[in-house]
Amino acid sequence: MRKSVFFGAFAATALVSGMALAGTLDDVKARGELICGSNTGLTGFGAPDASGNWTGFDVDLCRAIAAVVLGDATKVKFLPTTGETRFTALQSGEVDVLVRNSTWTYSRDTELALDFVAVNYYDGQGFMVKKDLGVSSAKELDGATVCIQTGTTTELNLADFFKQNNISYQPVTVQDDSEAQRQYLAGACDAYTTDASGLAASRATMPDAENHIILPEIISKEPLGPVVRNGDSQWGDVVRWSYYALLIAEEKGITSANVNEVAASTTDEEVKRLLGVSGDMGAKMGVSNDAFKTAIASVGNYGEIFARNIGEGTTINLARGLNALWTQGGLQYAPPFR
């Protein structure tokens, strides 16, 4: 009997705890604004201009979520977070969602009471050095000083790599990408390590970009994606499917330019459901049925977002690679919209 009472009390406590964590969708609607945890400033992914206007690959996903929930992609407040403060900001409720090149790992998934809901960029950790250092491989960095952000998976990967290759290094710890770049350019470290996409983004802003090389080694898997608080499955669904809608749109050839025309003429049943022409898919998770159509019209499909912010036509010049659609040999793949 006492055992039954104990488990009953435990279940009630768990239920109350879950209820306390739930409700982000309602909170965002009531506030009329999405608060998105962003980078402190990473060109191409998330950075403000001189007027405070945010642009970037991750920024556009935040805007897509706002379009889905609020019907307006501009209703987003961007809150800069560092590698050390980002998860605390999400756990505390300071932000509604974290979209700022954060790696999905086992320990983060199980220990932080947070949920990674998708992978919007498949990446890997690399190294950048000045050409005049005279090295062509990360394995030649024995005894080097290396700029590394604290509170990141790159710290752990760096230690593993040097240990496995029986070489030594001296870490120069920094708080964010901008500090890392300043220290690296000032000569405080021989090499700078972070996600390869981040290295490309940093190099693109350097006045002498041609004098810096990204070494060939990719020493880790870095699946980057949006993060929400654990226990709020409805909000997790909203963020997840806001992203997947952009992938499906690219796969189906739906763009920001033709989405209205497609909605009016399509005979593809999945597209009809996605754009709210038929069914009540949006209503099933608490948004309007044409919510995904609004998002696509506002920011474009995944391919448009990639090309506009970080693709081969930009200064960052990243190829799609692993981030191509599955139909094009990549890993980007959305579950069926049905």
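This is a predicted model: local features need pLDDT of at least 70, side-chain atom pairs count only at pLDDT 80 or more; totals for chains, interfaces and linings use all residues.
Good morning. Five strands of this structure form an open sheet, in the order β10-β9-β11-β8-β12, and the pairing is mixed. Strands here are DSSP runs of E with at least two residues, helices are runs of H or I with at least four residues, and both are numbered from the N terminus. Two strands count as paired if DSSP finds at least two bridges between them. At the edges stand β10 (169–174) and β12 (212–214), each with a single partner strand, so one side of each is left without a neighbour in the sheet. From one strand to the next, the twist averages 30°; axes are lines fitted to C-alpha atoms, for helices over the stretch in contact, and angles run from 0 to 180 degrees between N-to-C directions.

Residues are numbered from 1 along each chain as its sequence is written, and side-chain values use heavy atoms, with hydrogens and water left out.

Let us turn to strand β11. It spans residues 191–195 and is mostly covered, five of its five residues being buried; buried means under 20% relative accessible area, exposed over 50%, and partly exposed in between, with a 1.4 Å probe and protein chains only. In general, strands of a sheet pair through backbone hydrogen bonds, either parallel or antiparallel. How does β11 pair with β8? Strand β8 (residues 125–130) and β11 are antiparallel, with five bridges. In this pairing V129 has A191 as its bridge partner, and M128 stands opposite Y192. Strand β9 (residues 144–149) runs parallel to β11, and two bridges join them. Here V146 stands opposite A191.

Helix α8 lies across β8, β11 and β12, and runs at about 125° to β11.

Two single residues deserve attention. C147 is found in strand β9, and is buried, with a relative accessible area of 0%. Not counting residues up to four places away in sequence, C147 touches V172, A180, Q183, Y184, C189, A191, Y192 and T193, where contact means heavy atoms within 4.5 Å. C147 and T173 are 26 residues apart in sequence, and their C-alpha atoms are 5.9 Å apart in space.

The second residue is T82, in the loop between β4 (76–80) and α4. T82 is buried too, with a relative accessible area of 14%. Leaving aside neighbours within four places in sequence, T82 is in contact with T40, R100 and Q175.

I come now to the open spaces. On a 1 Å grid over the protein atoms alone, a cavity is a set of points where a 1.4 Å probe fits but cannot get out, and a pocket is an open set with protein on both sides within 12 Å along at least five of seven lines; lining residues have an atom within 4 Å of a point. Grid points are joined across faces, edges and corners, and a volume is the space filled by probe spheres set on the points.

The largest pocket holds about 220 Å³ of space. Of its 17 lining residues, Y121, D123, A196, L318 and A319 lie nearest the centre. β7 (121–123) and α8 (196–204) each supply at least two residues of this lining. Its residues comprise eleven nonpolar, four polar and two charged. In this classification Ala, Val, Leu, Ile, Met, Phe, Trp, Tyr, Cys and Pro are nonpolar, Asp, Glu, Lys and Arg are charged, and the others, Gly among them, are polar.

The second largest pocket has about 180 Å³. Which helix gives the most to its lining? That is α6, with three residues. By class, this lining has two nonpolar, seven polar and three charged residues.

Finally, the structure holds three cavities of 30 Å³ or more. The largest cavity contains about 140 Å³ of space. Among its 14 lining residues, R86, N101, T152, T194 and D195 lie nearest the centre. Both α6 and β11 supply at least two residues of the lining, which divides into no nonpolar, nine polar and five charged residues.

The second largest cavity has a volume of about 40 Å³. F57, L61, N120, Y243, L246, Y302 and I305 line this cavity, and they divide into six nonpolar, one polar and no charged. Thank you.
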